[in-house]
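Colleague: Could you walk me through how to read a model like this one? I would like the general idea each time, and then the case at hand.

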Amino acid sequence: MRKLFLFLVLVLSICFVYATGTVVADDEDHGGDIVYTKPLKAVIFSHKAHTEDIGLQCDWCHEETFEMEALHMQETANFDMESLCNERYCGTCHNGDISFSTTTQCARCHIGVKGYNEMVRKGLIEPEEGDVIPAETDDH
Amino acid sequence: MKFPKMDFEGLKKESPALISSQERRNFLKMGLAITGVYAGGQILSVVSRVNEVYASTTEFLKKYPYKPHYSMVVRQGLCIDCEQCISACKETNNVPDYGYRTRILTKVVTDAIGRQREFIPTLCNHCNEPPCTRACPTKATYKNKVNGIVMMESKKCIGCKMCVLACPYEARYFNDEKRAIDKCNFCYDTRISKGEKLTACSYICPTGARIFGDISNPDNVVYKMVHQIEKQVWVLRPESGSKPNVFYMKATRSSPWELRRQADAR
């Protein structure tokens with residue numbers, strides 16, 4: 001009986017350590033992937049690629065170029081490619097000098113409806129109201 | 001299976017030198033070019049001339065035999081898979097949810113430098129030598145003699161789906177409501193014959209990835225795009241020999257002329 005109790009304690013403590021570990025790993029110090037759906041579906045912004053991978057600091061973009069609130073910008077009427085080409089929003093850096101220009105490599109950020117559906121299917125983002133997410137297609 | 005016995009020994013000996021120019025011309029008229037003579041002059045080697053490039057204007061005009069010769073340029077790098085073309089097409093041409101007249105394929109190269117994703121819009125290529133019309137037993141699908149659009153006459157269609165098998169571009173689906181095959185017809189019945197200049201998809205395309213026009217007219221944007229010196233232009237599945245009329249090229253938004261949507265340019 002005593003042995004069984006010890007075993008249970010051991011199992012539970014392992015579970016507890018594992019669970020806390022997961023929580024710590026989930027607690028990123030950046031905003032994760034942001035998927036814009038306006039004006040067109042869909043554009044991805046990866047916080048990981050910009051901070052962890054190339055080491056940009058939060059305050060370089062927040063809050064002057066981008067509000068802290070995710071997707072705040074897409075409620076703005078001029079959040080479109082023309083603004084970006086005139087060095088606003090993403091175009092502040094993506095102007096061809098600091099990083100690749102917004103006039104090139106369209107599908108580097110544009111993941112399209114297919115990319116959006118894929119992320120919803122994987123549970124990475126919540127679908128918007130009225131979205132019809134088809135089952136996996138073979139359009140590759 | 002038994003093959004008929006051929007009397008090779010009794011055949012007349014031939015060599016490239018012995019073939020008269022008249023005979024060569026006859027071969028060329030058949031769409032074949034003589035490339036050599038094998039087996040001691042008993043076998044003549046010929047290749048098809050379908051993929052030949054044209055040098056003179058007269059020959060070149062024969063390449064675009066329709067007037068207007070409707071055609072589309074797909075500027076592949078500009079497609080962002082917003083799928084507005086698909087929605088516009090479905091709305092305009094009453095395409096059901098299970099069907100499609102145009103699709104967007106995705107190509108992902110995960111170990112590429114920079115951009116790792118590419119979207120490729122596909123639709124009926126309105127081929128000059130359409131394999132589908134040859135396969136159709138009832139002539140329900142045919143080439144429009146004036147503008148070269150590959151059309152469907154639903155009431156003649158018996159639903160045998162031979163055209164679906166024959167099409168190299170997977171551009172056809174069976175429409176349950178029409179009880180017939182349905183496909184892209186460059187919006188001929190819904191827009192072009194009513195005086196519109198663009199198909200629904202090229203009109204709505206926000207990036208100008210789909211450019212529609214008359215390739216037989218040197219003043220038309222499609223002609224100009226396909227005949228640029230600097231651009232590589234290709235077609236899908238050229239090996240099918242179908243001479244498609246949908247051309248593909250790479251593009252970016254970088255030059256001002258290319259930045260424009262086709263609908264705004266008019």
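Colleague: Let's start with chain A. What does the secondary structure of chain A come to?

Modeller: This is a predicted model, and in it chain A has six helices and two strands. Along the sequence they follow the pattern α-β-β-α-α-α-α-α. Among contacts in chain A between residues at least 6 apart in sequence, 39% join residues at least 24 apart.

Colleague: Which elements of chain A have the lowest and the highest mean pLDDT?

Modeller: Where pLDDT is low, the predicted coordinates should not be read in detail. Chain A averages a pLDDT of 81, and 77% of its residues score at least 70. Among the elements of chain A, helix H1 (residues 2–26) has the lowest mean, 53, while strand E2 (residues 43–46) has the highest, 94. Over residues 19–26 of chain A the pLDDT is below 50, and this stretch has zero contacts in the model beyond near neighbours in sequence.

Colleague: Now a helix in chain B. Which residues of helix H3 of chain B are buried?

Modeller: An α-helix has 3.6 residues a turn, so residues three or four places apart point the same way. In helix H3 (residues 84–93) of chain B, the buried residues are B:Cys85, B:Ile86, B:Cys89 and B:Asn93. They cover an arc of only 100° around the axis, which puts them on the same side of H3(B).

Colleague: What do the buried residues of H3(B) pack against?

Modeller: Their partners in chain B are strand E4 (102–108), strand E5 (117–123), helix H6 (200–204) and strand E10 (210–214).

Colleague: Let's turn to the nonpolar cores. How many residues does the largest nonpolar core have?

Modeller: The largest nonpolar core has 57 residues, and those with the most contacts inside it are A:Ala42, B:Val73, B:Ile211 and B:Val222. Take B:Val73 as a case: leaving out residues up to four places away in sequence, B:Val73 touches B:Ile211, B:Val222, B:Met225, B:Val226, B:Phe247 and B:Met249. Another core, of five residues, lies apart from the largest one and includes A:Met73, A:Met81, A:Leu84 and A:Cys90.

Colleague: How do I read a sheet? In what order do the four strands of the open sheet in chain B come?

Modeller: Strands of a sheet pair through backbone hydrogen bonds, either parallel or antiparallel. Here the four strands form an open sheet in the order E10-E3-E12-E11 (chain B), with mixed pairing. The edge strands are E10 and strand E11 (233–234) of chain B, each of which pairs on one side only. For one pair in detail, strand E3 (residues 70–75) of chain B and E10(B) run in the antiparallel sense over five bridges. B:Ser71 has B:Gly213 in E10(B) as its bridge partner.

Colleague: On to the interface. How many residues of chain B are in contact with chain A?

Modeller: There are 20 residues of chain B in contact with 16 residues of chain A. On the chain B side, the elements that give two or more residues are E4 and E5. E4(B) gives the most, with four residues. By type, the residues of this side of chain B divide into seven nonpolar, six polar and seven charged.

How values were computed. Residues are numbered from 1 along each chain as its sequence is written. Chains are lettered from A and ligands numbered from 1 in the order in which they are written. This is a predicted model: local features need pLDDT of at least 70, side-chain atom pairs count only at pLDDT 80 or more; totals for chains, interfaces and linings use all residues. Two residues are in contact if their C-beta atoms, placed from the backbone, lie within 7 Å. A residue is buried if 20 or more other C-beta atoms lie within 10 Å of its own, exposed if 12 or fewer, and partly exposed in between; C-beta atoms are placed from the backbone. The arc is that of the directions from the helix axis to the C-beta atoms. pLDDT is the predictor's confidence in each residue, from 0 to 100. A nonpolar core is a set of buried Ala, Val, Leu, Ile, Met, Phe, Trp, Tyr and Cys residues joined through C-beta atoms within 7 Å. Two strands pair if DSSP finds at least two bridges between them. Ala, Val, Leu, Ile, Met, Phe, Trp, Tyr, Cys and Pro count as nonpolar, Asp, Glu, Lys and Arg as charged, and the others, Gly among them, as polar.
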